[in-house]
Amino acid sequence: MSKIGRMRSSRFLASSIGVACAAVLALPAALPAAAAIPAAPALDTTSASEQSATSAQAASAGAPAVDAATASPSGRTQSLPLVPRATDRGLGPTAAEQGLGRRDVRSFSLVGVVWDDPDTELFGRVQVRTRARGTTRWSGWQDVETHNHEHAADPDTAERASSRVRGSTAPLWVGESDGVEVRVRAEVSGRTAASGVQALPDGLRLELVDPGTGVPDAVATQATAPATAPATAPAAGPVADPPPVGTPVDASRLGGLTVESAAASAVNADLAPLGATVIPALSRTATEAGLADLEPGMKPYIGPRPRIVTRRGWGADEKLREPDFLYTKKVQAAFVHHTASGNNYSCGEAASVIRSIYRYHVVSSGWRDIGYNFLVDKCGNIYEGRAGGVAKAVMGAHTLGFNTNSMGIAVIGSFGTTNPPAAAVTGIAKLTAWKLGLYRANPQGKTDLISGGGNLYAKGKKVRLNVISGHRDGFATECPGGRLYGKLGTTRSEAARYQGR
């Protein structure tokens, strides 16, 4: 069986500890001084479930809930229960408007609203205004995208069925802030709902996310990564089956990496050194030669491997996510999304935005990891999303009903009325040309996927879709925004050109 064949037939659930063990066994007895990884800072050791419990306990005591990560590079989440607005205070849960008045809070940069039942939609309008940190300057009211339930794990999966999963709005990036006000107003068919009829979900809470500083040595270690891989480098993609669980871990040989960080890095071991912050770009010749060697006799239609910032590169706290990696069989299609988190960020802030979304998905929304497989910023930089290996068929939580045999790519920003930057569109084309090429998929072609259930296609229905589709092609949603959706034709043709078609 070819190496790609072994990769595609891997077991669907791999243990982080098992992957870390394999990484340790592959290390030399002592790391060379030039390749040594700087010691990682102390990370937040409070699990996502413990943070949720902390929030619940604080809420029951009538106090704003704040998680325990008060000084962690991984950040902090403040979770504040919403209350009926002044005119509706006597109505309790049937209040048509809930919120919080202006208040001082600890520093945060991203906001969202969550509620108890993930199967309940919030029909209404959510608005926030924030105060820039260390100033008296308040923003105007900003809308938060409420239709977010279609970004989720498929129905009847363990991730979707978890008791930790909550309903949630899209996150909104607001920049460093230390004051907030929020209002949530129920609406029915565009009209404000009548008082006395419960129209808002139970358990509404405002989530304020501080992205933290990430891994402090990320910038320093990036300088040690080569700009390009040698022409004789192996083909793009981890090829070994997930290792067995239970092998003792020699933590002393992980350098500054935690076991969780080593596991997240080890699944990319064929692409970059353990602990790398960047997977370097690979030339067209090297990428094609590697794929041709793995599948002799077949023309290698594949784009050059693009530069990808790893999870360690953007500062992921690997203790937040679930410990296992979840895989699907192959990658037949790529669904393009926007994060709907706003466009008010710089490319230098992109890693902070991603850490915030990751924390919001896991700690606030109760997901196993960030939902997207990849993210692209406005400058076209590509980032590894859900852990498991950038060349592997990692099961995401991005397109409700179509997460199997697909990948999700989110452009950071909101593109309903704003044109996506050309660099971001090019980034999608480069990424899809490479990743789809690993699985012999034509970016200009079509493929059949089986629906896991949604509002467009019933569970079990075979659906013919473009290999590069927008989120709205699989679910009735505005995502990825009309302006970005309108660029998908260009993305398909460019990706095919990068593949040499």
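Arg284 is partly exposed, at 32% relative accessible area. Here buried means under 20% relative accessible area, exposed means over 50%, and partly exposed lies in between (1.4 Å probe, protein chains only). Glu288 is also partly exposed, at 23% relative accessibility. The side chains of Glu288 and Arg284 form a salt bridge, 3.6 Å from N to O. A salt bridge is a side-chain nitrogen of Lys or Arg within 4 Å of a carboxyl oxygen of Asp or Glu.

Both residues sit in helix 7 (residues 284-294). They are four residues apart, about one turn of the helix. Helices (H or I, at least four residues) and strands (E, at least two) are DSSP runs, numbered from the N terminus.

## Basis of the model

This is a predicted model: local features need pLDDT of at least 70, side-chain atom pairs count only at pLDDT 80 or more, and totals for chains, interfaces and linings use all residues. Residues are numbered from 1 along each chain as its sequence is written, and side-chain values use heavy atoms, with hydrogens and water left out.

## Salt bridges across the sequence

The structure holds 18 salt bridges. One of them joins Asp104 and Arg131, with the closest N and O atoms 2.8 Å apart. This pair links distant parts of the chain. Asp104 belongs to strand 5 (residues 97-115) and Arg131 to strand 6 (residues 124-132), 27 residues apart. Asp104 is exposed, at 61% relative accessible area. Arg131 counts as buried, at 14% relative accessibility.

Lys319 and Glu260 also meet in a salt bridge, at 3.4 Å from N to O. Lys319 lies in the loop between helix 8 (311-314) and strand 14 (324-326), and Glu260 lies in helix 6 (residues 259-266), so the pair ties together parts 59 residues apart in sequence. Lys319 is partly exposed at 28% relative accessibility. Glu260 is partly exposed at 26%.

## A salt-bridge network

Some charged residues join up in a group. Arg311, Glu318, Arg321 and Asp369 are linked in a network of salt bridges.

## Strand 3 and its neighbour

Strand 3 (residues 76-81) is mostly covered. Five of its six residues are buried. Strand 3 pairs with strand 11 (residues 205-210) in the antiparallel sense, over six bridges. Two strands pair if DSSP finds at least two bridges between them. Gln78 has Leu208 in strand 11 as its bridge partner.

In a regular strand, side chains alternate between the two faces of the sheet.
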